[in-house]
Amino acid sequence: MDVREVRVEGWERVLVAREGEYHCIVAIHSTALGTALGGTRLWRYDSESAALGDALRLSRGMTYKNAMAGLDAGGGKSVLLMPERLADREALFLAHGRCVEALGGVYTTAEDVGTSPADMDVVARETRHVAGTSHGTGDPSPRTARGVFRAMQAAALHRLGEAELRGVRVALQGCGNVGAALARQLAGAGARLVVSDVDPDRARRVAAEVDARVVAPDDIYDVEADVFAPCALGGILDAETTPRLRCAIVVGGANNQLREPADGARLLERGIVYVPDYVANAGGVITGFGELSGRPPEWGTARVDGIYDTVLEVLRRADGAGIPPHAAADLIAEARITAAAG
């Protein structure tokens, strides 16, 4: 395996590994709080540079996510560059297991977009530094969705005066594993849903299951709703989409929802409450950490439900300081990271 280190200011280690079809970037942002923990994403990138940018953003987000969740874990991420035609998926993930193992335990991976518990089973044949296998916690999507649901309840209490979601209108972007699981929980709570997905068949399946209306992917921004829930890929809130929103709250399962920090300020200016993504979507990593550290299942359940209180704290601090919620969350996370770093 050909491995080269890339020096990036602010990141502890960044490496690029290649072996046959295997082309991966592993970014370790921080181990101040403990072993870097973050999933493996398999995606088709336009270039290695684009993959590197994604790995850096995601790994930094994991540092902050783990800090806000109160976990003794740092932040890292792997991104696998999907080849034009993947000939041998098993060989790809065996190579990834060897790469993770070569890091000597400073990084533990799990599943993410484009990967599955079955893929992590293959990784586990080469390294023990892996979570989310089919023999462990498995698919983290239901726990991630549960955390987003609890975050939405907290935001509803803060902005709408009632945590109860019955009758609340939710525009849900993305009907993948997390989005679909969230839709089911919202429907069970009596929320009214409008959904969209780049895969129209997937959107129709979820809509039929939860009695929702389907709109085209670009039209979801214009839906009049109480809550906009981004559950697809990141970077979707920007100078063009934010002015189109017709909602009171933004909270969802996608990572890196703000294109840039200024987009958080734009939401604040419009009176829209934004729940920082890395606070809301920590349910999966919480249960993965619980598995790795030998905690009982009820520990993870309580921690995921505790996202409700964390969101309320962030929103109250933001209001008190007159700053956007993402800035308030950053300050809380950075204080914990700095204290741990000594």
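Is Ala151 buried or exposed? At 0% relative accessibility, Ala151 counts as buried (buried is under 20% relative accessible area, exposed over 50%, partly exposed in between, with a 1.4 Å probe and protein chains only). The model is predicted: local features need pLDDT of at least 70, side-chain atom pairs count only at pLDDT 80 or more, and totals for chains, interfaces and linings use all residues. Residues are numbered from 1 along each chain as its sequence is written, and side-chain values use heavy atoms, with hydrogens and water left out.

View 1. Ala151 lies in helix H4 (helices are DSSP runs of H or I with at least four residues, strands are runs of E with at least two, both numbered from the N terminus). Not counting residues up to four places away in sequence, Ala151 touches Val251, Val275, Ala280, Ile307 and Val311 (contact means heavy atoms within 4.5 Å). Thr35 is 116 residues from Ala151 along the chain, and their C-alpha atoms are separated by 26 Å.

**View 2. The largest nonpolar core.** A nonpolar core is a set of buried Ala, Val, Leu, Ile, Met, Phe, Trp, Tyr and Cys residues joined through side-chain atoms within 4.5 Å. The largest one has 67 residues, of which Met152, Val170, Leu182, Leu186 and Val251 touch the most other members. Helix H4 (residues 141–160) gives the most to this core, with eight residues. Leaving aside neighbours within four places in sequence, Met152 is in contact with Leu165, Val170, Leu182, Leu186, Val227, Ala229 and Val251. Apart from this core lies another, of 21 residues, including Ala17, Phe93, Ala95 and Tyr107.

**View 3. The six-stranded open sheet.** The strand order is E10-E9-E8-E11-E12-E13, with parallel pairing (two strands pair if DSSP finds at least two bridges between them). Strands E10 (213–214) and E13 (273–274) stand at the edges with a single partner strand each, so one side of each is left without a neighbour in the sheet. Strand E12 (residues 249–250) pairs with E13 in the parallel sense over two bridges; Val250 has Tyr274 in E13 as its bridge partner.

**View 4. Helix H5 on the sheet.** Helix H5 (residues 177–188) packs on the sheet and touches strands E8 (169–173), E9 (192–196) and E11 (227–230). The direction of H5 makes about 170° with that of E8 (axes are lines fitted to C-alpha atoms, for helices over the stretch in contact, and angles run from 0 to 180 degrees between N-to-C directions).
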